[in-house]
Amino acid sequence: MASSSSGFVAGLTAAAVAVVGFLAYQASANAPDQLAGPRAGASTDLSTTKAPRDRKNPAALPGDSGDGERVVYSIDDDRVWLVGDDDRTQRTFAVTPGTVDPVVGTYDVTSRGRIVTGSDGAQIEHVVRFTVVDGIVIGFSAARDGSTSAPDPGKKLGGIRESRADGDAMWTFATVGVKVVVIH
């Protein structure tokens, strides 16, 4: 009896692994191109140089950060700017990055989620996703408990955490299709 039970469990496990593999393949084959990296024609010359900064006002919008309505995210400064059609900053705020950074470039907001569980197990809200790096989803979010503490360095996490107030502003501003410009 024990050997038939083992064989049954092994068969179920193999079937489950095959189904998960098939679903993963389907998801990757049907994912929008924007999830793979910067969109076609995106400027990549900023990938190794830091965008120009106003030394007297470190919170000022960096030069060479795009045109028109966009979210600008500086990996080096851990800061976000929400920029309107008129190229004026509507809001800027500090963020706490995950352990996996996006590649410098221009993306589009690809999806959003009002309330979900983050990859770190925290309840998060106002999730604005814009790319995937090595299977890790990258996006902005706010922890429902208001925390913005540094993530566990031993885990691969793509959540860029904001305060709840900044998360509300991002949610209102960054609808699907809005540009996200990642700079150094």
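Q: In this predicted model, is aspartate 166 buried or exposed?
A: The relative accessibility of aspartate 166 is 11%. Buried residues have under 20% relative accessible area. Aspartate 166 therefore counts as buried.

Q: Which residue meets the side chain of aspartate 166 in a salt bridge?
A: The contact runs from N to O at 2.8 Å. The partner lies in strand S3 (residues 89-94), while aspartate 166 belongs to helix H2 (residues 164-173), so the bridge ties together parts 75 residues apart in sequence.

Q: How many residues apart in sequence are arginine 161 and aspartate 120?
A: These two residues form a salt bridge, with their closest N and O atoms 3.2 Å apart. Arginine 161 sits in strand S8 (residues 159-162) and aspartate 120 in the loop between strand S5 (111-117) and strand S6 (123-133), so the bridge ties together parts whose separation is 41 residues.

Q: Which glutamate forms a salt bridge with arginine 164?
A: The closest N and O atoms are 2.7 Å apart. The pair links arginine 164 in helix H2 to a residue of strand S6, 39 residues away. The partner is glutamate 125.

Q: Which residue is linked with Glu125 and Arg164 in a network of salt bridges?
A: Arginine 164 and glutamate 125 form a salt bridge. The network that holds both also takes in Arg144.

Q: Which strand gives the most residues to the lining of the largest pocket?
A: This pocket holds about 410 Å³ of space and is lined by 27 residues. Gly118, Ser119, Ile124, Gly159 and Arg161 lie nearest its centre. S5, S6, strand S7 (136-143) and S8 each supply at least two lining residues. The most, 6 residues, come from S7.

Q: How many residues of the lining of the largest pocket are charged?
A: Arg161 is among the residues nearest the pocket centre. The lining divides into 12 nonpolar and 11 polar residues, and the charged ones number 4.

Technical notes: Residues numbered from 1 in each chain as written. Predicted model: local features only at pLDDT ≥ 70, side-chain atom pairs only at ≥ 80, totals over all residues. Heavy atoms only, no water. Salt bridge = Lys/Arg side-chain N within 4 Å of Asp/Glu carboxyl O. Helix = DSSP H or I, 4+ residues; strand = E, 2+ residues; numbered from the N terminus. Buried < 20%, exposed > 50% of the residue type's maximum accessible area, 1.4 Å probe, protein only. 1 Å grid on protein atoms, 1.4 Å probe; cavity = no way out; pocket = protein on both sides within 12 Å on 5 of 7 lines; lining within 4 Å. Points joined across faces, edges and corners; volume = space filled by probe spheres on them. Nonpolar A, V, L, I, M, F, W, Y, C, P; charged D, E, K, R; others polar.
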